[in-house]
Amino acid sequence: MTRAAKKMVMVWVAMAMILGVPFSAMAAESVTITGEVNDSYQIVDASGQVYEIADTTPGNDLVENHIGEKAKVTGTLEQDQDSKIITVTAFQIITE
(Lines give C-alpha, C1' and ligand atoms only; values in the text may rest on other atoms or scores of the structure.)
Protein backbone atom coordinates (compact mmCIF):
# COMPACT_ATOMS: atom_id res chain seq x y z
CA MET A 1 0.00 0.00 0.00
CA THR A 2 1.37 3.40 -0.90
CA ARG A 3 1.93 6.16 1.59
CA ALA A 4 -0.93 8.19 0.09
CA ALA A 5 -3.32 5.24 0.31
CA LYS A 6 -2.41 4.64 3.98
CA LYS A 7 -2.99 8.31 4.73
CA MET A 8 -6.39 8.18 3.02
CA VAL A 9 -7.40 5.10 5.04
CA MET A 10 -6.38 6.83 8.28
CA VAL A 11 -8.46 9.90 7.34
CA TRP A 12 -11.54 7.73 6.66
CA VAL A 13 -11.11 5.84 9.93
CA ALA A 14 -10.80 9.11 11.85
CA MET A 15 -13.91 10.50 10.16
CA ALA A 16 -15.89 7.37 10.99
CA MET A 17 -14.85 7.58 14.64
CA ILE A 18 -15.71 11.28 14.90
CA LEU A 19 -19.11 10.87 13.28
CA GLY A 20 -19.90 7.67 15.19
CA VAL A 21 -19.54 9.18 18.66
CA PRO A 22 -22.56 11.53 18.55
CA PHE A 23 -24.80 8.80 17.14
CA SER A 24 -23.91 6.36 19.91
CA ALA A 25 -24.54 9.04 22.56
CA MET A 26 -27.98 9.70 21.08
CA ALA A 27 -29.05 6.06 21.00
CA ALA A 28 -32.50 5.73 22.53
CA GLU A 29 -33.89 2.82 24.50
CA SER A 30 -37.53 1.82 24.90
CA VAL A 31 -38.91 2.25 28.42
CA THR A 32 -42.12 2.38 30.42
CA ILE A 33 -42.36 4.97 33.18
CA THR A 34 -45.12 5.48 35.71
CA GLY A 35 -45.41 8.87 37.33
CA GLU A 36 -47.29 12.12 37.72
CA VAL A 37 -47.59 14.62 34.88
CA ASN A 38 -46.74 18.18 35.88
CA ASP A 39 -47.33 21.55 34.20
CA SER A 40 -43.67 21.85 33.14
CA TYR A 41 -43.93 19.22 30.37
CA GLN A 42 -42.48 16.57 32.66
CA ILE A 43 -43.37 13.29 34.28
CA VAL A 44 -42.03 12.56 37.76
CA ASP A 45 -41.77 8.94 38.92
CA ALA A 46 -42.17 7.64 42.50
CA SER A 47 -38.44 8.02 43.21
CA GLY A 48 -38.50 11.69 42.19
CA GLN A 49 -36.72 11.18 38.84
CA VAL A 50 -37.85 13.86 36.40
CA TYR A 51 -38.30 13.08 32.70
CA GLU A 52 -38.78 15.86 30.17
CA ILE A 53 -41.56 15.02 27.68
CA ALA A 54 -40.54 15.55 24.06
CA ASP A 55 -42.67 17.70 21.78
CA THR A 56 -44.70 15.05 19.92
CA THR A 57 -48.42 14.54 19.32
CA PRO A 58 -48.89 11.90 22.08
CA GLY A 59 -46.54 13.80 24.42
CA ASN A 60 -48.43 17.05 23.91
CA ASP A 61 -51.75 15.26 24.47
CA LEU A 62 -50.40 13.90 27.75
CA VAL A 63 -49.17 17.23 29.14
CA GLU A 64 -52.01 19.36 27.83
CA ASN A 65 -54.87 17.15 29.03
CA HIS A 66 -53.60 15.22 32.06
CA ILE A 67 -51.67 17.60 34.35
CA GLY A 68 -51.69 16.33 37.93
CA GLU A 69 -52.71 12.82 36.90
CA LYS A 70 -50.74 9.60 37.22
CA ALA A 71 -49.82 7.96 33.91
CA LYS A 72 -48.05 4.89 32.60
CA VAL A 73 -45.93 6.20 29.71
CA THR A 74 -44.17 4.13 27.05
CA GLY A 75 -41.59 5.64 24.74
CA THR A 76 -37.94 6.03 23.95
CA LEU A 77 -35.55 7.52 26.45
CA GLU A 78 -32.60 9.73 25.64
CA GLN A 79 -30.04 11.34 27.92
CA ASP A 80 -29.28 14.99 27.12
CA GLN A 81 -26.49 16.23 29.40
CA ASP A 82 -28.17 16.36 32.84
CA SER A 83 -31.75 15.62 31.82
CA LYS A 84 -33.67 12.59 30.62
CA ILE A 85 -36.07 13.07 27.73
CA ILE A 86 -38.87 10.64 26.90
CA THR A 87 -40.44 10.60 23.46
CA VAL A 88 -43.92 9.30 24.24
CA THR A 89 -45.31 6.65 21.90
CA ALA A 90 -48.26 5.67 24.11
CA PHE A 91 -49.68 6.40 27.54
CA GLN A 92 -52.41 5.19 29.86
CA ILE A 93 -53.94 7.28 32.65
CA ILE A 94 -54.01 5.42 35.96
CA THR A 95 -57.06 5.93 38.11
CA GLU A 96 -56.80 4.88 41.72
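Here is a short tour of a predicted model, one selection at a time.

Some ground rules before you click. Residues count from 1 along each chain as its sequence is written. In this predicted model, local features need pLDDT of at least 70 and side-chain atom pairs count only at pLDDT 80 or more, while totals for chains, interfaces and linings use all residues; side-chain values use heavy atoms, leaving out hydrogens and water.

**Colour by confidence.** pLDDT is the predictor's confidence in each residue, from 0 to 100. The protein chain has a mean of 84, with 72% of its residues at 70 or more. Where is confidence lowest? Go to helix 1 (residues 3-25), with a mean of 60; strand 2 (residues 42-45) is highest, at 96. Helices (H or I, at least four residues) and strands (E, at least two) are DSSP runs, numbered from the N terminus.

**Select strand 1 (residues 29-38).** Strand 1 runs antiparallel to strand 4 (residues 70-80), joined by 8 bridges; two strands pair if DSSP finds at least two bridges between them. Pick Glu36 and you'll find Lys70 of strand 4 opposite. Strand 1 also pairs with strand 2, again antiparallel, over 4 bridges. There, Gly35 has Asp45 as its bridge partner.

**Hop to Tyr41.** This residue takes a positive phi near 60° in the hairpin of strands 1 and 2, which has 3 residues between the strands.

**Finish on Gln42.** You're now in strand 2. Is Gln42 buried or exposed? Gln42 is buried (under 20% relative accessible area), at 15%.

Methods. Buried < 20%, exposed > 50% of the residue type's maximum accessible area, 1.4 Å probe, protein only.
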